[in-house]
Structure formats: C-alpha cells, structure tokens
Amino acid sequence: MEQDFWQARWRENRIGFHEDAPNTLLTRHFPKLGLHAGQSVFVPLCGKALDLDWLCGQGLQVSGIEFNQGAVEEAFARQRLEPEMIRQGDLIRFQAGGLTLFAGDFFALTAEHLGTVDTVYDRAALVAVKPEDRKAYAVQLNRITGCAQQFLVGFDYDQSLMDGPPFSVPGETVQALYRERHAITLIEERAADGRIGERCNALEQAWLLKPLD
Ligand SMILES: C[S@@+](CC[C@H](N)C(=O)[O-])C[C@H]1O[C@@H](n2cnc3c(N)ncnc32)[C@H](O)[C@@H]1O
C-alpha cells in the first residue's frame, strides 16, 4: 500500500528528497506568483520541506498535507511553534501561527478542510505519485483548491534509466493533466542535482499554471 511505502521511507530515514534549504526555483520565481502577505498557499505532499518555513516567512498562510505525522511535528518544532491538534475524521489538523498542516492522506482532504487557496506549490509531489494515480491526483488537487494557480516543480528524465519515485513527468504529461483548466508556462529548467542528476541527466523543471477564465 502507498502509505506503507512512504511511512517506511520516513522510518528508515530514506528521505533523499528532503532539501537542506528552500528550493531555489521557488525563491527565485516567487515574485511571478503575485502573492502578498496574508494570502494562502497549499503545499500537497509537503514532507517537512524547508519551503514551508520560507513561505511562512513571506507572511503567507501556509497549509499542507503529509502522511507522516513525525514530519508534520518537526515542521512546527523547527519554527518553535506549538500547534493545536484536532482530529478531523481520518486526518489530524495541526495549526499554529500561519501554518496549518494535516497529517493523513491527501485523497481524504476536502475544500472545506482547506478554505481559500490562492496558490498551490507542488515540489516533488506530482512526481512522487504513481503514474496510474496521477490523473486522480490532479483532479483532487483542482477540486480542493478551486483550480488555483500553481507553481509546479518536477523532473523530466528517461524513465527507462531509473525506477521512480521520483517519476519523470515530462511537459506533455503536465499539459495533459492540467491544460483543461490552466494555461501552462515553463518558467525554468536546469540540470537536477543529486542521485537523479547523476544517474539519468534529469532536468528539474518549474511550471507556472494560471487558471483559465
Ligand atoms: C518526494 S516526497 C516530497 C516531500 C516534499 N514536498 C519535499 O519537497 O521535501 C513525497 C511526500 O509525500 C508524502 N505522500 C505521498 N503520498 C501521500 C498521500 N497520498 N497523502 C499524504 N502524503 C503523501 C510522502 O510521505 C512524502 O513525504
């Protein structure tokens, strides 16, 4: 089961996806999102990414969801926040300051849980989802965020060179998943670093998805 796979990765500290600084595609291109303090960003499959702290530091209301409760707790502890915890069905909602994180399954999250979402920030989330579940992921993401604009950071590489996750999600796939509701622009692509860069010359790509009128 998908959840067991990810919980084992966390338990065994096999979290090579976790970056030790905020993602520089996010920090460099953030002004293109046109967000101002007080607006809201949703981070699906957020892990304990330092991007959460960085987004909070911009004065945004940040929400996210992650299977692993320890990762959620660590994201609060790192910011010296003591969250209120409330069980909501199969999810646990942690909230303090401008940060609200849900521990549980992304597919159990609803628009009511999230409230208004001005922007989605997907880094290593879509690429973490099995190819056969991508369509359901994109439909659920659009449903719970009202097709909000999205900053999407993923990978493009030859899938025959490596098994995912992270899976390769080339531009055609991004288009196929989102073009019905969004105008899609490639903002930057660069050589990926780490194992995926060394093994398969992967490109790390940043996409901006603007809702169609
Ligand atoms: C590749 S990691 C990326 C984490 C984070 N976005 C980052 O940049 O560090 C994917 C994360 O999604 C979580 N995850 C995978 N499927 C999930 C689901 N259906 N619901 C909630 N979390 C999920 C995993 O536990 C893992 O922490």
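Colleague: In this predicted model, is Gly38 buried, partly exposed or exposed?

Modeller: The general idea is to compare the relative accessible area of a residue with two cut-offs: under 20% is buried, over 50% is exposed, and values in between are partly exposed. Gly38 has a relative accessibility of 47%, so this glycine counts as partly exposed.

Colleague: Where along the chain does Gly38 lie, and which residues does Gly38 touch?

Modeller: Gly38 is placed in the loop between α2 (24–29) and β1. Residues up to four places away in sequence are not counted, and the contacts of Gly38 are then Gly59, Leu60 and Gln61. As for distance, the C-alpha atoms of Gly38 and Gly59 are 6.0 Å apart, although 21 residues separate the two along the chain.

Colleague: How far apart in space are Lys135 and Leu177, C-alpha to C-alpha?

Modeller: The two are 6.4 Å apart in space, while 42 residues apart in sequence. Lys135 belongs to helix α6. With a relative accessibility of 47%, Lys135 is counted as partly exposed.

Colleague: Is Lys48 buried or exposed?

Modeller: Lys48 has a relative accessible area of 12%; the cut-off for buried is under 20%, and therefore Lys48 is buried. This lysine is located in the loop between β1 (40–43) and α3 (51–57).

Colleague: Which residues are in contact with Lys48, and with which side chain does the side chain of Lys48 make a polar contact?

Modeller: When neighbours within four places in sequence are left aside, Lys48 is in contact with Trp10, Ile15, His18, Ala71, Glu74 and Arg78. The polar contact joins the side chains of Lys48 and Glu74, at 3.1 Å.

Colleague: Trp10 was named among those contacts. Which residues of helix α1 are buried, and what covers them?

Modeller: Helix α1 spans residues 2–11, and its buried residues include Trp6, Gln7, Ala8, Arg9 and Trp10. The cover over the buried residues of α1 includes β2 (61–66) and α4 (69–78).

Colleague: What values does phi take at Leu45 and Ala124?

Modeller: Leu45 is a residue other than glycine with a positive phi, near 50°. Leu45 lies in the loop between β1 and α3, and at 26% relative accessibility Leu45 counts as partly exposed. Ala124 also has a positive phi, near 60°. The position of Ala124 is in the loop between β6 (119–123) and α6 (134–145).

Colleague: Turning to the whole protein, how many helices and strands does the protein have?

Modeller: There are eight helices and nine strands. The radius of gyration is 16 Å, close to the 17 Å given by the globule rule for 213 residues, so the protein is as compact as a globular protein of that length. Along the principal axes, its C-alpha atoms fill a box of roughly 45 × 45 × 30 Å.

Colleague: What percentage of residues count as buried, and what part of the exposed area do carbon and sulfur atoms supply?

Modeller: Of the 213 residues, 51% count as buried. The protein exposes about 10,200 Å², of which carbon and sulfur atoms supply 49%.

Colleague: What percentage of contacts join residues at least 24 apart?

Modeller: The figure is 66%, among contacts between residues at least 6 apart in sequence.

Colleague: How far apart are the mean positions of the positive and negative charges?

Modeller: The mean positions of the 21 positive and 30 negative charges are 0 Å apart.

Terms used. Residues are numbered from 1 along each chain as its sequence is written. This is a predicted model: local features need pLDDT of at least 70, side-chain atom pairs count only at pLDDT 80 or more; totals for chains, interfaces and linings use all residues. Side-chain values use heavy atoms; hydrogens and water are left out. Helices (H or I, at least four residues) and strands (E, at least two) are DSSP runs, numbered from the N terminus. Buried means under 20% relative accessible area, exposed over 50%, partly exposed in between (1.4 Å probe, protein chains only). A polar contact is a pair of N or O atoms within 3.5 Å; within protein, one must be able to donate a hydrogen and the other to accept it, and residues adjacent in sequence count only if both atoms are side-chain atoms. Contact means heavy atoms within 4.5 Å. The radius of gyration is taken over C-alpha atoms; the globule rule is 2.2 Å times the number of residues to the power 0.38. Accessible areas come from the Shrake-Rupley method with a 1.4 Å probe; for residues, only the protein chains shown count as cover. Lys and Arg count as positive and Asp and Glu as negative; His and the chain ends are not counted. The place of a charge is taken as NZ of Lys, CZ of Arg, CG of Asp or CD of Glu.
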